[in-house]
Amino acid sequence: MAALSVNDLTIALPKGADRPLAVEGVSFDIAAGEILCVVGESGSGKSMAANAVMGLLPPFITIEGGTAHFEGTDLLPLSEADKRKVRGQDIAMIFQEPMTALNPLMRIGDQIAEVFSAHNAPMDGGTIPNLLAEVGLPEPARIADSYPFQLSGGQRQRAMIAMALALSPRLLIADEPTTALDVTTQAQILDLIAKLQDERGMAVLFITHDFGVVAEIADTVIVMREGVIVERGTAATVLADPRHAYTKRLVAAVPSDKVPTPEPRADAPLLTVEGLSKTFASGGELFSKKRVTRAVDNVSFTIGEGEILGLVGESGSGKSTVGRLIVNLLAPDAGRVSLAGDGRVQMVFQDPYASLNPRTKVAAAIAKGPIAAGTPKADAMAEARTLLATVGLDGSAGERYPHEFSGGQRQRIGIARALAMRPALIVADEAVSALDVSIQAQILDLLRGLRAEYGLSLLFITHDLRVAAQLCDRVAVMQHGRLVEMGPVADVFLRPQSDYTQRLLAAVPGAAWTKDAA
């Protein structure tokens with residue numbers, strides 16, 4: 001018997017939504033010890049189906065029909081009190097962003113202890129440290145005594161997994177748990193989930209938009225589009241021979257090992273970075289030791305006119321600090337940044353929603369910079385609408401607010417806002433890392449087109465060397481604040497010299513599959 005059997009699940013969206021049903025007639029089974037990946041873009045309904053199983057749908061979303069039997073009991077009609085008994089004890093969930101799922105005001109150990117308390121489950125002094133050790137966290141006692149903000153993204157996700165496993169659930173739902181993580185941390189989390197699933201014999205429902213993750217972890221896969229399942233099968237079959245056109249597009253959107261031919265490099269550099277260094281100090285209060293971090297250590301490189309340079313590394317490597325130093329958001333301790341002529345530099349951030357004012361319509365947000373620089377308001381607003389069209393949005397989109405757009409559309413708005421200042425150089429800081437792979441591919445295509453149309457130069461900052469290889473002419477790899485390798489994209493990507501670069505490439509989910517498919 002299946003651990004979970006979902007049959008003909010149908011979920012309605014509120015009036016005014018882009019379609020009437022979030023999920024329509026969805027059916028699937030998961031056996032104990034099986035990992036089922038549900039794949040689809042944002043808005044496909046994959047998370048909505050998982051939230052229905054967990055009883056976590058918001059009140060304005062209604063279940064119109066169907067069943068979700070967990071070990072013989074239909075979860076959907078249960079009372080809220082009965083659903084609470086199931087959650088955490090029998091079925092547990094890992095969320096995409098642990099920083100928002102964890103309580104910022106509670107220590108990690110106390111949050112795990114709450115799971116035991118809520119279900120009146122026994123716990124002794126070694127329970128929490130043992131759980132934290134099981135998920136690979138160093139110094140479990142220190143981690144248990146830490147607040148979420150004191151941990152890295154990967155450590156927070158491991159703590160979230162420890163919390164989910166606290167009462168030995170028989171079904172684990174993982175909703176995009178690795179999307180925003182570095183490739184090395186992502187690989188560690190995927191390995192951890194697979195290892196724990198194998199040791200505990202759990203059923204795992206793993207939600208993702210990335211077929212690279214499917215290749216790494218899945219036994220079986222279903223593909224969802226606009227609330228409907230369009231394809232299902234074993235992971236090996238779907239990866240090797242996708243049938244539906246939508247599945248083929250998702251598979252094709254995963255960056256491959258094929259490297260585009262780079263553009264000829266200009267002799268005269270547009271940007272020159274020489275000996276750039278930046279140190280941060282923290283602590284040093286009465287009872288804490290001062291900690292000094294050399295974020296950027298004697299970094300030098302150039303970017304030619306019309307060139308795209310990729311700056312690659314894990315979180316903490318210093319790559320984003322370099323970007324902020326270049327756009328003058330930070331002041332360097334040493335070194336020099338110079339831009340040829342009277343060229344301007346603009347930045348595109350990872351989270352466009354956080355960098356856009358939610359109370360300002362997008363055309364006004366795009367026009368704000370030019371207006372401040374002296375452009376008449378009417379001219380700046382007209383140019384904003386033109387730029388929206390340039391980045392693939394309708395000019396009428398300018399009269400809408402940021403929350404009315406998808407993540408990929410908001411990133412296009414961020415790019416339009418950067419273009420409004422007529423920059424010679426754009427610094428794109430993890431501009432595609434949180435996007436679906438298909439939307440990511442569209443943004444990369446857009447950046448290529450803008451380079452051709454405007455002659456733009458780009459500093460493309462990313463943790464994924466495979467993504468950088470699809471866009472960049474040259475790649476520079478950073479580790480612990482220093483450049484460890486730099487050269488033409490084909491050399492660095494296909495023939496890496498540094499051990500660190502080789503580790504970054506090996507950590508990419510589905511690396512073996514994409515290499516075989518190339």
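Residues are numbered from 1 along each chain as its sequence is written, and side-chain values use heavy atoms, with hydrogens and water left out. In this predicted model, local features need a pLDDT of at least 70 and side-chain atom pairs count only at pLDDT 80 or more, whereas totals for chains, interfaces and linings use all residues.

A pair of aromatic rings is described by the distance of the centres and the angle of the planes. Rings of Phe, Tyr and Trp (its six-membered ring) are taken to pair if their centres lie within 6.5 Å, and planes under 30 degrees apart count as stacked, those over 60 as edge-to-face and the rest as tilted. By this rule the count comes to one aromatic pair. The pair is stacked because the rings of Tyr147 and Phe149 have centres 6.2 Å apart and planes at 15 degrees. With buried meaning under 20% relative accessible area, exposed over 50% and partly exposed in between (1.4 Å probe, protein chains only), Tyr147 is partly exposed at 24%, while Phe149 is exposed at 57%. Another ring, that of Phe405, has the charged end of Arg400 over it, 4.2 Å from the ring centre; a charge is said to sit over a ring if NZ of Lys or CZ of Arg is within 6 Å of the ring centre and within 35 degrees of the ring normal.

Rolling a probe the size of a water molecule over the atoms shows where empty space is left. On a 1 Å grid over the protein atoms alone, a cavity is a set of points where a 1.4 Å probe fits but cannot get out, a pocket is an open set with protein on both sides within 12 Å along at least five of seven lines, and lining residues have an atom within 4 Å of a point. Grid points are joined across faces, edges and corners, and a volume is the space filled by probe spheres set on the points. There are two cavities of 30 Å³ or more. The largest cavity holds about 210 Å³ of space and is lined by 22 residues, of which Thr179, Asp210, Ser433, Gln440 and Asp464 lie nearest its centre. Two or more residues of this lining come from each of helix H8 (183–200), helix H17 (437–454) and helix H18 (465–471), where helices (H or I, at least four residues) and strands (E, at least two) are DSSP runs numbered from the N terminus. By class, the lining of the largest cavity has nine nonpolar, nine polar and four charged residues; Ala, Val, Leu, Ile, Met, Phe, Trp, Tyr, Cys and Pro count as nonpolar, Asp, Glu, Lys and Arg as charged, and the others, Gly among them, as polar.

The second largest cavity has a volume of about 50 Å³, and the residues that line it are Val53, Met54, Leu75, Leu78, Lys83, Val86, Arg87 and Ile91. Helix H1 (46–54) and helix H2 (80–86) are the elements that give two or more residues to this lining, which has six nonpolar, no polar and two charged residues. Among the open spaces, the second largest pocket contains about 930 Å³ and is lined by 34 residues, with Gly153, Asp182, Glu314, Ser315 and Gly316 nearest its centre. Helix H7 (153–165), H8, strand E12 (291–304) and helix H12 (319–326) each give two or more residues to the lining of this pocket, and H7 gives the most, with five. The lining of the second largest pocket divides into seven nonpolar, 18 polar and nine charged residues.

The buried residues of H4 are Ile108, Gly109, Gln111, Ile112, Ala113, Val115 and Phe116, and what covers them includes H5, helix H6 (140–144) and H7. His119 is found in the loop between helix H4 (108–118) and helix H5 (127–134) and counts as buried at 17% relative accessibility. Leaving aside neighbours within four places in sequence, His119 is in contact (heavy atoms within 4.5 Å) with Arg84, Lys85, Arg87, Gly88, Gln89 and Leu167. Just after H4, Asn120 takes a positive phi of about 50 degrees.

In helix H14 (residues 362–372), the buried residues are Val362, Ala363, Ala365, Ile366, Ala367 and Pro370, and they pack against helix H15 (377–390) and helix H16 (407–419). Just after H14, Gly374 takes a positive phi of about 110 degrees. Leu311, in strand E13 (residues 308–312), is buried at 0% relative accessibility.
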